[in-house]
Amino acid sequence: MRARFRQIALIGGFMAAMLFPGELARARGFDVTVLGAHGGLEDGNLSAYLVREQGTDVGVLLDAGTVMNGIEKANAAHDFDHLALPNDPKTSRTGLLIHHVIQGYLLSHAHLDHVAGLLAVSPDDRGKPIYALPSVLSVMQDDLFNHRVWPNLADRGAKPALGLYHYHDLFPERTVPLSSTKLSVTAYPLSHGAVESTAFLLRSGSDALLYLGDTGPDALEKGDRLAALWKAVAPLIRAHQLRGLIIECSYDNSRPDSQLYGHLTPAWLLRELAALKAEAGVSMKGFPVLVAHIKPLLTSGASAEDLIAAQLQAGNVEGFRFLIARQGLAVSF
Ligand SMILES: [Zn+2]
């Protein structure tokens, strides 16, 4: 499965090179490894996307629902065979990967399927920044790293603040470098039912990659946060700098709107992508969309992944290149 998607990604890159000659010369691109793909139910496989500037050994984790199990699954799939790790015979390969490849955490929101892996690994982690909007960091500080739910390993909140992790507040539309990597990030707030969630626009040289945490469609969230995000990234699409999108599609189309709780279905995702295309004003044919945060079904029959993939393809009039996220999948954007 991993190889097939890698092959698709490579073909896509080749197609992009043909479509936009000269672009690859200054393109740096991104390597994304799916450490956790699902949006609930399956402990050990919850939202976590490792992103590195293409060809480099270090990066950041976009959400952290699963950390250690995801590293082990991706390592077993040979995703990290080519990485240079320090020579430290006292630390396991999993430990080296967690300590040295993940140089920081970007949290879209503090729901457990986005932070549980971080909590679990934290006592044996190395000091790192945690980047998020203030509304998200306040939940981490008050409700999780508070010495009641979990020891306070961060540098604010319940005393003693042990200070292993450094909270780094992000502010909407303000770009900051990501420490110890060659990446930078700009945060955009999203509406996810009752909570604020976040989209992260990552930059690597002139290239960009957009990751969205959980989000509902504007029409149901009764807001315009996705519209504002599409407006912000449209110029990057026109300039051929946006390499792809990682976005949620939690439920298949049989889920009623009244039970989406701030999430997307294929029909709503296609509608939002049509809005993005309209804002960009250019063809989106072949544009890569990694479909994330699918909630597994406990019913017999077709899997949630198969249902959602089929429903997305059936309505794909714009020709987006959808890939379904699976744990251990490595995608080059
Ligand atoms: Zn959520």
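**Reading the model**

Mentor: Contact here means heavy atoms within 4.5 Å. This is a predicted model, in which local features need pLDDT of at least 70 and side-chain atom pairs count only at pLDDT 80 or more, while totals for chains, interfaces and linings use all residues. Residues are numbered from 1 along each chain as its sequence is written, and side-chain values use heavy atoms, with hydrogens and water left out.

Trainee: Where is Asn152 placed, and is Asn152 buried or exposed?

Mentor: Buried means under 20% relative accessible area, exposed means over 50%, and partly exposed lies in between, with a 1.4 Å probe and protein chains only. Asn152 is buried, at a relative accessible area of 0%. Asn152 sits in the loop between α6 and β6. Helices (H or I, at least four residues) and strands (E, at least two) are DSSP runs, numbered from the N terminus. Pro160 is placed in the loop between α6 and β6, and the peptide bond from Lys159 to Pro160 is cis, with omega near -5°.

Trainee: How do I read the metal site, and which residues coordinate the zinc ion?

Mentor: Look for donors, which are N, O and S atoms within 2.8 Å of the metal (3.2 Å for Na, K and Ca); water is not among the atoms, so sites may look incomplete. The zinc ion is coordinated by His109 (NE2), His111 (ND1), His192 (NE2) and Asp214 (OD), at 2.2 to 2.3 Å. Along the chain, these donors have the spacing H-x1-H-x80-H-x21-D. His111, in the loop between β4 (102–106) and α5 (112–121), and Asp214, in the loop between β10 (207–212) and α7 (218–221), are 103 residues apart, and the pair links distant parts of the chain. His111 is partly exposed at 33% relative accessible area, whereas Asp214 is buried at 2%.

Trainee: What is the geometry of the zinc site?

Mentor: Four donors count as tetrahedral if all angles lie between 85 and 135 degrees; four count as square planar and six as octahedral if opposite donors are over 155 degrees apart and all others between 65 and 115; anything else is irregular. The angles among the four donor atoms of the zinc ion run from 90 to 178°, and the site is irregular.

Trainee: What does His263 contact?

Mentor: Leaving aside neighbours within four places in sequence, the contacts of His263 include the zinc ligands His192 and Asp214, and also His293 and Lys295. His263 is in the loop between β11 (242–248) and α9 (266–280) and is buried, at 6% relative accessible area. His293 is in the loop between β12 (288–292) and α10 (304–314) and is buried too, at 2%. Phi of His293 is near 65°, a positive value in a residue other than glycine.

Trainee: How do strands β5 and β6 pair?

Mentor: Two strands pair if DSSP finds at least two bridges between them. β5 (residues 128–132) and β6 (residues 165–169) pair in the parallel sense over five bridges. From β5 the chain crosses through helix α6 (residues 134–144) to β6, in a right-handed β-α-β crossover. Right-handed means that, with the strands pointing away from the viewer, the path from the first strand over the helix to the second runs clockwise.

Trainee: Why is α5 described as largely enclosed?

Mentor: Because seven of the ten residues of α5 are buried, the helix is largely enclosed by the rest of the structure. Its buried residues pack against α4 (93–101), β4, β5, α6 and β6.

Trainee: What makes a nonpolar core, and how many residues has the largest nonpolar core?

Mentor: A nonpolar core is a set of buried Ala, Val, Leu, Ile, Met, Phe, Trp, Tyr and Cys residues joined through side-chain atoms within 4.5 Å. The largest has 61 residues, and those with the most contacts inside it are Tyr49, Tyr105, Leu107 and Leu290. Another core, of 38 residues, lies apart from it, with Leu201, Leu210, Leu260 and Phe322 among its members.
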